[in-house]
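Open the structure in your viewer and keep the selection tool at hand. The stops below say what to select next and what is there.

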There are 2 protein chains.
Amino acid sequence: MISNDQRDIDHRIIRSVYETFMPINDELHELIVSKTTYVEIAKGQEFIQQGGPNDQLGLLVDGLMRSVEIIDGDDHTMIFFDAPCFVTEYVGFLRREPSRHSIIALEDCRLYVWSYDDLQKMYSLSKESERVGRLIAECVIADVVNDVRSFRFDTATERYEKLTATFPKLVQRVPQYMIASYLGVTPESLSRIRAKLIKE
Amino acid sequence: MISNDQRDIDHRIIRSVYETFMPINDELHELIVSKTTYVEIAKGQEFIQQGGPNDQLGLLVDGLMRSVEIIDGDDHTMIFFDAPCFVTEYVGFLRREPSRHSIIALEDCRLYVWSYDDLQKMYSLSKESERVGRLIAECVIADVVNDVRSFRFDTATERYEKLTATFPKLVQRVPQYMIASYLGVTPESLSRIRAKLIKE
DNA sequence: AGATATCATTGACCTAAATCAATAATCATC
DNA sequence: GATGATTATTGATTTAGGTCAATGATATCT
């Protein structure tokens, strides 16, 4: 993990990601940038380690990551993060608990990072930042609710089809067993699902 | 649905629920109360209707409700709401879309209600309210993530055991087929799960 | 109390996906 | 390009839960 100084920070990317949630005025933008650190994570390296400290919110600007939870020795892919997006293990981060997942770079990654403490300072200093924090949390809710619905109502085949529809390049970029794990099925099952879909 | 005026509002209950998220000062408390409406919903009646307008956030202070989504004619219980708690179909509410669920009283219910517009006004008027909104959203994330984990990792039997452990009275208060539906299994399966657990 | 819904249980059978095991295909490295 | 490791496929078998159908048990209502 390589950290650099302020000169490496691309203000426009940061602003444009935050602007997907609400208009960001110059004052808030300066506040955000002033707390930003730049980090590079090489392919295969961890950004966050399962069971370790969980005090960083990342904004992935380049690359691909996955969060993984190891339970009883098997590896479960919980989320893929495809730039540009925020990267964190949200629940542990908010509760100040050790991370439940590792977050690992599947390709060389570049991130901007804010510490938990700096984030709280931003919230205290600026009403606008409080709002953007709320809007981001609300979007996370929508994503997670989507996940519940998918596990509740969809078959593995349907989940696979939806994933390839919304994220077609993923299948090229990561090994199939990680996709299987993300879908909640075994690699053998995913292989059969794919065989069946091809036959049709 | 019966709406009454300000005199029916129990300030202490409202404050105590908000205080589970953060300390509420008098100014914010007054703001919240000034926008509050009181509503009673009789057993069997709807608070929110699937496909209908979704512009109310409820605080259930008495009673039990469930949110139900009808898909292809079958009825899926998405959540049980046991007072005191907030009641809404969050995603549609936030996105200003029709409600995905109905929310129905399983017992006679009493709620305090805020309209979407009043909530936005509160957010604009007060930094503190923005923060409490964020903190509530963050708690919702934790709940929903829990749901995903349960559907992903737990068997139906485990989900049933967890539900009865965390909410033992529920089984007395609602028909079993609703519990089955909440757990994501058929009534027949839940009946067998219970039979097996009793035998052990 | 008797009649009628509604709800819960039980049985027989079916299906999606898991498990275990063996190959086959890829990929990385010397 | 050969060698060993990782990843993907295919087959045989098992299991959790679904589906369909019948029977019991509870409520509710006149």
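The tour starts with the two chains together, then moves to single residues and pairs. Keep in mind that this is a predicted model.

**Stop 1: the two chains**

Colour chain A and chain B separately. Chain B can be superposed on chain A with an RMSD of 0.0 Å, by a turn of 180° and a shift of 0.0 Å along the axis. The two copies are thus related as by a two-fold rotation axis. To find that axis, select Arg134(B): of the residues of chain B, Arg134(B) comes closest to the axis, with its C-alpha at 2.1 Å.

**Stop 2: the interface**

Now select the residues where the chains touch. On chain B, 36 residues are in contact with 36 residues of chain A. Of the interface residues of chain B, 100% are also interface residues in chain A, so the copies meet through the same surface.

The two chains bury about 3,200 Å² between them, and 64% of this is on carbon and sulfur atoms. Arg134(B), Ile141(B) and Arg152(B) supply 21% of the area that chain B buries against chain A, more than any other three residues.

Between chain B and chain A there are 16 residue pairs in polar contact, both residues being at pLDDT 80 or more. Which elements of chain B give two or more residues to the side that touches chain A? They are strands S5 (64-71) and S6 (74-82), together with helices H3 (90-95), H4 (116-125), H5 (127-153) and H8 (176-183). H5(B) gives the most, with 18 residues. By class, this side of chain B has 16 nonpolar, nine polar and 11 charged residues.

**Stop 3: salt bridges between the chains**

The whole structure has 26 salt bridges over all chains, and eight salt bridges are found across the interface of chain B and chain A. Select Arg149(B) and Glu69(A), which form a salt bridge with their closest N and O atoms 2.7 Å apart. This pair runs from helix H5 of chain B to strand S5 (residues 64-71) of chain A. Arg149(B) and Glu69(A) are both buried.

Next, select Glu130(A) with Arg131(B), where the closest N and O atoms of the salt bridge are 2.8 Å apart. Glu130(A) lies in helix H5 of chain A and Arg131(B) in helix H5 of chain B, so the pair joins two chains.

**Stop 4: a salt bridge within chain B**

Select Asp82(B) and Arg173(B). Their salt bridge has its closest N and O atoms 3.3 Å apart. Asp82(B) is in strand S6 and Arg173(B) in helix H7 (residues 170-173), so the pair ties together parts that are 91 residues apart in sequence. Asp82(B) is partly exposed at 28% relative accessible area, and Arg173(B) is partly exposed at 30%.

**Stop 5**

Go to Gly58(B), in strand S4 (residues 56-62) of chain B. Gly58(B) is buried, with a relative accessible area of 0%. Beyond its neighbours within four places in sequence, its contacts include Phe47(B), Cys85(B) and Val113(B). Gly58(B) and Val113(B) are 55 residues apart in sequence, yet 4.4 Å apart from C-alpha to C-alpha.

Ser129(B) is in helix H5 of chain B and is buried, at 2% relative accessibility. Leaving out residues up to four places away in sequence, Ser129(B) touches Leu28(B), Met122(B) and Tyr123(B).

End at Glu161(B), in helix H6 (residues 156-166) of chain B. Glu161(B) is partly exposed, with a relative accessible area of 38%.

Methods
Residues numbered from 1 in each chain as written. Chains lettered and ligands numbered in written order. Predicted model: local features only at pLDDT ≥ 70, side-chain atom pairs only at ≥ 80, totals over all residues. Heavy atoms only, no water. Contact = heavy atoms within 4.5 Å. Buried area = accessible area lost by both parts, 1.4 Å probe. Salt bridge = Lys/Arg side-chain N within 4 Å of Asp/Glu carboxyl O. Polar contact = N/O pair within 3.5 Å; in protein donor to acceptor, adjacent residues only side chain to side chain. Helix = DSSP H or I, 4+ residues; strand = E, 2+ residues; numbered from the N terminus. Nonpolar A, V, L, I, M, F, W, Y, C, P; charged D, E, K, R; others polar. Least-squares fit on C-alpha atoms with pLDDT ≥ 70 in both. Buried < 20%, exposed > 50% of the residue type's maximum accessible area, 1.4 Å probe, protein only.
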